[in-house]
Amino acid sequence: MSNFTVLNHPLIQHKLTMIRNKNVGTKDFREVANEIAELMVYEITRDLPLKDVEVETPMGKSIQKTLAGKKLAVVPILRAGLGMVDGVLRLIPAAKVGHVGMYRDEKTLKPHEYFVKMPSDIDKRILFVVDPMLATGGSANMAIEALKKRGAKSIRLVVLVAAPEGVKEVQEKNPDVDIYAAALDERLNDNGYIVPGLGDAGDRLFGTK
C-alpha cells in the first residue's frame, strides 16, 4: 500500500488554519495556499539524491553536493491545483509543468477528464501531482492513471486537506503513489465535500461561486 504522510510542520499547520477561515479573501487564500505548497515540497524533497561536483569558490577548488538523478515536474489537477503551482516553482524553478483537466459531475460526484498536456519526458521525472483537496479520490486516481498511461513511473500526490475516504481510494487503486497532506480531516459530507475542510478550494482561489 502507498505511504500516506501528514506534514505536521508548525508553519504548515499555522498557514492551513489561516485559510480554513471562511472570512479569508481570495488574495490571502491564494498567497497562503502557495506558501503551504512551497513548505510541503521542501519537506517532500528530503530524499532527492545528491552527487559530488567540483566548484571553485573564492578560496579555491572544492567538492560539493548538487542534485542528481531524476528531474522534477509539477502537475496541477485543474483548476484548483493551479493554486499550488507557484509555490512549488518558487522552490524548484527549473521544474516542468504539466496539466490534467478534470471536472466533477455534481450529481454522480464522478470525475471526467477533459485535458491532458505533459512534458515529453515524464517517464524520466518525479511528478508532483498537486490538488488542494483529496475528497473522494476519484479525480486523483483519474489524473494518476492519465499520467501512467503516458509513461509516468514516479508520482507523488500532494494535497492540502485529505479525507480518509480519498486516501483509502488512492491507496487501493494506486498503491505505488506516495500521498502527502497538510491535514487528514474527519470525513466527507453527503455532497462529497471534506469536513471540516476549507470549502470549495477552486472558488476560494479564483473568487468564483
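**View 1. Arginine 104 in strand β6.** Arginine 104 belongs to strand β6, residues 99-104 (helices, H or I of at least four residues, and strands, E of at least two, are DSSP runs numbered from the N terminus). Arginine 104 counts as partly exposed because its relative accessibility is 22% (buried is under 20% relative accessible area, exposed over 50%, partly exposed in between, with a 1.4 Å probe and protein chains only). The model is predicted: local features need pLDDT of at least 70 and side-chain atom pairs pLDDT 80 or more, while totals for chains, interfaces and linings use all residues. Residues are numbered from 1 along each chain as its sequence is written, and side-chain values use heavy atoms, with hydrogens and water left out.

View 2. The unreviewed UniProt entry places a "binding site" at positions including Arg79, Arg104, Asp131, Pro132 and Asp200 (positions follow the numbering used here, feature names are shortened, and annotations may be inferred rather than shown by experiment). From this set, the lining of the largest pocket takes in Arg79, Arg104, Asp131, Met133, Leu134, Ala135, Thr136, Gly137, Gly138, Ser139 and Asp200. A pocket is an open set of points on a 1 Å grid over the protein atoms alone, where a 1.4 Å probe fits, with protein on both sides within 12 Å along at least five of seven lines; lining residues have an atom within 4 Å of a point.

**View 3. Aspartate 131 and its contacts.** Aspartate 131 lies in the loop between β8 (125-130) and β9 (133-134). Its relative accessibility is 12%, so aspartate 131 counts as buried. Leaving aside residues up to four places away in sequence, aspartate 131 touches Ile77, Ala80, Gly81, Met84, Val158, Val159 and Leu160 (contact means heavy atoms within 4.5 Å).

**View 4. Helix α2 and its cover.** The 19 residues of helix α2 (26-44) reach 27 Å from first to last C-alpha, close to the expected 27 Å (1.5 Å times one less than the number of residues). Its buried residues include Phe29, Val32, Ala33, Ile36 and Met40. Among the elements covering the buried residues of α2 are α1 (10-20), α3 (82-91) and β10 (154-162).

View 5. Strands β2 (residues 50-57) and β3 (residues 60-67) pair in the antiparallel sense over eight bridges (pairing requires at least two DSSP bridges). Glutamate 54 has isoleucine 63 in β3 as its bridge partner.

**View 6. Asparagine 174 and glutamate 145.** Asparagine 174 sits in the loop between α5 (164-173) and β11, and is buried, with a relative accessible area of 0%. Its side chain makes a polar contact with the side chain of glutamate 145 at 3.4 Å (a pair of N or O atoms within 3.5 Å; within protein, one must be able to donate a hydrogen and the other to accept it, and residues adjacent in sequence count only if both atoms are side-chain atoms).
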